[in-house]
Amino acid sequence: MSADVSPPKRPLTSLWRLRRYLRPYVVAMVWMFIAAAGATGASIVVPLVVQRVVDGPVRHRQPGGLLLLGALALLLGLVEALLIFIRRWTQSTTSLQMEYAIRNDLYAHLQRLPMSFHDRWQSGQLLSRVTTDLGVIRRFLSFGLIFLVVNLGTYIVVVLLLLRLYWPLGLVVALSSVPLFLASRKFTRYYLTISRLQQDQLGDLATLVEESAQGIRVIKSFGRRRHMGGLFHAGARLVHDTGVAKARLLARSWAEFDAVPNVTLAIVLVGGAYAVASGGMTVGGLVAFVSLQLMLIWPIDSLGWIIANGQEAMTAADRIYEVFDVQPSIVDGPDRLVARQAEGRLRFDAVSFTYPGADVPVLRHIDLEVEPGETLAIVGVTGSGKTSLVSLVPRLYDVTSGRITIDGRDVRSLRLDSLREIVGVAFEEPTLFSMSVRENLTLGRPDATDEEIAEALSVAQAEFVYELPWGLDTRVGEQGLSLSGGQRQRLALARAVIGKPRVLVLDDPLSALDVHTEALVEEALARVLRDTTALIVVHRPSTVALADRVALLRDGVIAAVGTHSELMATVPEYRAVLSAEAETSRVDA
Ligand SMILES: Nc1ncnc2c1ncn2[C@@H]1O[C@H](COP(=O)(O)OP(=O)(O)OP(=O)(O)O)[C@@H](O)[C@H]1O
C-alpha cells in the first residue's frame with residue numbers, strides 16, 4: 001500500500017467508531033467537560049462583574065463597593081485556575097490511556113493478520129499508523145474534542161448574553177457566524193484531502209527509511225548511496241510540498257477566521273459608542289459587551305486549528321480502521337491435537353495454491369504423503385514453488401483448493417497454537433529478534449528446558465552461543481551482537497528443532513553453512529529426523545542424503561517422487577537440477 005491521493009471515504013464514521021475506547025473513561029470525560037465548562041463559565045462572569053463595578057462604585061464614586069466585587073473577581077479567577085488544572089490533569093491521563101489501548105489492539109491485530117496482508121502492505125505504512133496516526137488521535141481526544149465542545153458552548157452562551165445586553169449589536173455578532181460557517185466549510189473540504197495525502201506520504205517515507213536501514217550493506221556495496229539519497233530526497237520533497245500547501249491553506253483560513261471577529265469588533269465599538277451616547281446602553285454595559293466579545297476571539301481563532309486537528313484525527317482514524325477492518329483470514333479451527341500424541345502423518349491431498357491477488361496458481365494438484373518419521377526432500381529449479389509448498393503446512397497461507405492433513409485432520413480444523421506446537425519451522429532467511437539468544441531460541445516453546453535447548457543447539461551445531469559474552473543471555477539481532485549468516489541459520493535451525501516437533505518444515509536450512517559445518521549439522525540432524533516427519537527444501541545434493549524420498553517439483557506440479565537413487569537413475573531432469581545446484585554451491589563455497 002502506498003500513498004493514495006483520494007480523500008478518505010468515511011472519516012467521520014471511523015472517528016466515531018473509536019468511541020468504544022472512550023467508554024471506560026466516560027466518567028472522567030464528564031468531569032473533564034464539567035471542569036472545562038466551569039472554567040469558561042467563571043471567565044464569562046468576570047466581564048459581568050466589571051459591568052457592575054463600572055456602573056456601580058466607579059460611576060457613583062463609592063470605593064467601598066469595590067472590595068466585594070474585587071473579591072468576587074479574585075475568587076472567580078482562582079476557581080477558573082483550579083478547574084483548568086483538573087481538566088488538564090484528567091485529559092492527559094485518559095487520552096494517553098486510550099492511545100495505549102488502541103496501540104496494543106492494533107499491534108495484536110497486525111500479528112493476527114495473515115502473510116498475504118503483510119505481503120501487500122509496506123511496513124512503513126504500518127509503522128506510521130501505529131505511531132504518528134495514534135498520536136494525532138490522542139491530541140484530538142485530549143484537546144481538539146474538548147475545545148470543540150467548550151468553544152461552541154462559549155460561543156452560544158456569549159452570543160446569548162450579548163443579545164441580552166444590547167440586542168441590535170448582539171445580532172451583528174450573531175450574524176458574523178455566517179461568514180465563519182462558509183469559511184470553515186471551504187477549509188474542511190480541502191484540508192481533509194491534503195492531510196490524508198501527507199499522512200500517506202509520511203508512511204511511504206518511513207518505508208524508505210526502514211528499507212534503506214535494513215539494506216544498508218547492499219546500498220553501500222553497490223555504491224547506491226546517491227541513488228537512495230535521491231529517492232529519499234524526492235519522497236521528503238513531496239512531504240515538504242504537501243506540508244507547505246497545508247500550512248498555506250491553514251494560514252489563509254486563519255486569516256479569514258481572524259478577520260471576522262475583528263471587523264465585528266470595529267462595528268460594535270462604533271455602534272456601542274453611539275448607543276451609549278443616545279442612552280441605549282450604559283458605559284458599564286458597553287465595557288461588558290466588548291469584554292465578552294473579546295472572549296469570542298480565541299474560540300473563533302482556534303476554529304481553524306480545531307477543524308484541522310479534528311480532520312487529521314478523522315484521517316488517522318480512517319487509516320487505522322483500514323487495518324482494523326482487514327479480517328484475519330487464517331484463524332483457529334475448532335480442534336486441538338495434542339502434540340505428544342500426534343503421529344505426524346502429513347498428507348497433501350489435491351492441493352492447489354494461488355497467491356492472494358495473483359492470477360496464476362503456483363501449485364497445482366499436489367498429492368504427497370509423508371509417513372510418520374519419514375523425511376521427504378523437495379527439489380526443483382528456482383521459482384518452481386518449493387517455498388510456497390512448505391509454507392502451507394504451518395498455514396502461513398491457506399490452500400486454495402484441496403487440503404493438507406496431519407494424522408488425517410485438516411490443518412484448517414486445528415487451533416493455530418496446537419498446529420504450531422506440532423510443526424517446527426526454519427526458513428532460509430533466519431530472522432533473529434533483538435532479544436537474548438535464549439528468547440530467540442524459545443520463541444515457539446517458551447517452556448523449553450535447558451536440556452532441550454542444549455540438545456537443539458547440538459543438533460544445529462550452534463554451541464558457539466555458549467562462547468558469546470553472556471552465553472545464552474547475550475542479546476542478538478538488530479540491536480545486539482551481530483552474528484554471521486551461518487551462525488544465524490544454525491540458531492534458526494535450533495529454534496525449529498527445539499522440543500522435537502512431530503513435523504519439521506525446513507526451507508533450505510543449511511544454505512549458509514560451509515561444507516564442514518554442513519556435514520556436522522547433517523549428521524546430528526539425521527538423528528532427530530529419525531523420529532520426526534520432515535519436509536525439507538533442498539538445493540545441495542549432500543543434503544538430499546538426509547531424505548528417505550525426494551519429490552521433484554516442476555512449475556508447481558510434482559513431476560516425480562522416489563528415492564534419491566531411483567530418481568538419479570530414471571529422471572534426467574532431477575540429475576540436471578541437482579548438478580546445476582551442486583555447481584552453484586561449489587561456486588558459492
Ligand atoms: N508472496 C508472494 N506473492 C505472490 N507471488 C509469490 C509470492 N511468493 C512467491 N511468489 C511466486 O511464486 C512462485 C514460486 O515461488 P517460490 O518462492 O515458492 O519458489 P521456490 O521454488 O521456493 O524458489 P527458490 O528456490 O528461488 O526459493 C514464483 O513465481 C514467485 O514469483
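Helices (H or I, at least four residues) and strands (E, at least two) are DSSP runs, numbered from the N terminus. The structure is a predicted model, in which local features need pLDDT of at least 70 and side-chain atom pairs count only at pLDDT 80 or more, while totals for chains, interfaces and linings use all residues. Residue numbers start from 1 along each chain as its sequence is written.

The span 66-86 is one of those listed by an unreviewed UniProt entry under "transmembrane region", together with residues 21-46, 140-159 and 165-183. UniProt positions follow the numbering used here, feature names are shortened, and annotations may be inferred rather than shown by experiment. For residues 21-46, the end C-alpha atoms are 37 Å apart, and the span is 88% helix and 0% strand.

Helix α3 (residues 26-58) packs against α6 at an angle of about 35 degrees, with the axes 10 Å apart. Axes are lines fitted to C-alpha atoms, for helices over the stretch in contact, and angles run from 0 to 180 degrees between N-to-C directions. The crossing of α3 and α6 is right-handed (the near helix is turned clockwise from the far one by less than a right angle; anticlockwise gives left-handed). In this contact, M32, F33, A36, A37, T40 and I44 of α3 meet I146, V149, V150, G153, T154, V157 and V158 of α6, where contact requires C-beta atoms, placed from the backbone, to lie within 7 Å. The contact comprises ten nonpolar, three polar and no charged residues. Here Ala, Val, Leu, Ile, Met, Phe, Trp, Tyr, Cys and Pro count as nonpolar, Asp, Glu, Lys and Arg as charged, and the others, Gly among them, as polar.

Helix α8 (residues 177-214) and helix α10 (residues 225-277) have axes that come within 9 Å and cross at roughly 160 degrees. The two helices α8 and α10 are therefore roughly antiparallel (angles over 145 degrees; under 35 is roughly parallel, 65 to 115 roughly perpendicular and the rest oblique). Their crossing is left-handed, and the contact of α8 with α10 contains 21 nonpolar, eight polar and three charged residues.

Conventions. Contact = placed C-beta atoms within 7 Å.
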